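Here is a short report for a first look at this structure. Take a moment with the view below before reading on.

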Amino acid sequence: MERKKPHKLLMLEAILRRLKKTSPNYSYFLEYHRKMNAGFAGERYVDRIWQEMNLPSPFQLFHDYCFVNDAGFTHQVDTVFVTPHFLCLIEIKNIAGRLDFDDVKRQCIRTMANGKVDSIAYPVDQLLRHERYFQNVLTQLQLKLPIVKVILMAQSSTMIGQVSVECPIMHSIGLPHFLQKQWQRFSQRALTNREFDQLLEQLATMRQDKLWVQEIAHEELKSGVLCPNCAYEQKMYYVQGSWFCRSCGMENNEAFDEALQDYRLLRESTITNAILCKEFNIPSKYIAYRILQALKFEKVGNNRYSQYKIPES
């Protein structure tokens, strides 16, 4: 499965485009986005390694797999790799510096090149929780399948110091060798074709992507179609079928599509003709109606009560 940009990262991108820089929360969202984007970049880097591997079939990859446990808490696994021989849980970290893992204190100490030392959440415990969840799933299905786990470092410059005895920790380049060792270790199939299909169907059913919701006051957000060439500080205007920026002179119709997605993420998943006029500076309701008809969005309701569903891009 292709790894898609997480909903939380899409939300953060929309917030940074729309949130006024004078907002007291702007720096918080900016730093949050930096961390989320770095993590996603690390996951995408590791994904390229899969494309270079000659993997025995059958197998199934679930990227960014989210599930809800019995207590109602949402968990996310960067990659779940499933074969009839074993199931592998993969946690990907894109962290600079030197990392030391302490199984006794249950902490990971990071030491930066400038000597700064801090502690980050212990990823081994995270994988152990995930392992227990998937083991319960297998038990409920009355299936016996070995589960292995590994923590991968996306950055080759990351120095791995003291490691955990409870979970392999390595650079991402070592993933092909690690998986080959697992195939040698579990050379006999644990699942029949029917059982394997049953497991994949169950995992697909249990997958639940939780939406990240942020309550931001309307007055803190910039409305309209914003010009990407002006760092989203200037509004664009609809003139004879195109969107123009009066500040830099750019014509960019894709900015309108981006603005619709921002509205869907931060406001509502549907839009009306009147709101389109008001929020996007369209000169008349007739022009807004023509734009909506051209977009061919799904329509709900009739006449002045009509709403249009904004699809995900």
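This is a predicted model: local features need pLDDT of at least 70, side-chain atom pairs count only at pLDDT 80 or more; totals for chains, interfaces and linings use all residues.

The report covers a set of paired strands and then a pocket.

Start with strand E2, residues 74–82. Is this strand mostly covered or mostly open? Strand E2 is mostly covered, with 7 of its 9 residues buried.

Strand E2 has a partner in strand E1, residues 60–68. The two run antiparallel and share 8 bridges. Strand E2 also pairs with strand E3, residues 87–93. That pairing is antiparallel too, over 4 bridges.

Thr79 links the picture together. In E2, Thr79 stands opposite His63. Thr79 also has a bridge partner in E3, namely Ile90.

## The turns

The hairpin from E2 to E3 passes through 4 residues.

## The second largest pocket

Now turn to the second largest pocket. Its space comes to about 330 Å³. Its lining has 16 residues, and the closest to the centre are Val213, Arg264, Leu265, Leu266 and Arg267.

Which helices each supply at least two residues of this lining? They are helix H1 (7–18) and helix H6 (254–266). H6 gives the most, with 3 residues. By type, the lining of the second largest pocket holds 8 nonpolar, 4 polar and 4 charged residues.

Notes: Residues are numbered from 1 along each chain as its sequence is written. Side-chain values use heavy atoms; hydrogens and water are left out. On a 1 Å grid over the protein atoms alone, a cavity is a set of points where a 1.4 Å probe fits but cannot get out, and a pocket is an open set with protein on both sides within 12 Å along at least five of seven lines; lining residues have an atom within 4 Å of a point. Grid points are joined across faces, edges and corners, and a volume is the space filled by probe spheres set on the points. Ala, Val, Leu, Ile, Met, Phe, Trp, Tyr, Cys and Pro count as nonpolar, Asp, Glu, Lys and Arg as charged, and the others, Gly among them, as polar. Buried means under 20% relative accessible area, exposed over 50%, partly exposed in between (1.4 Å probe, protein chains only). Two strands pair if DSSP finds at least two bridges between them.
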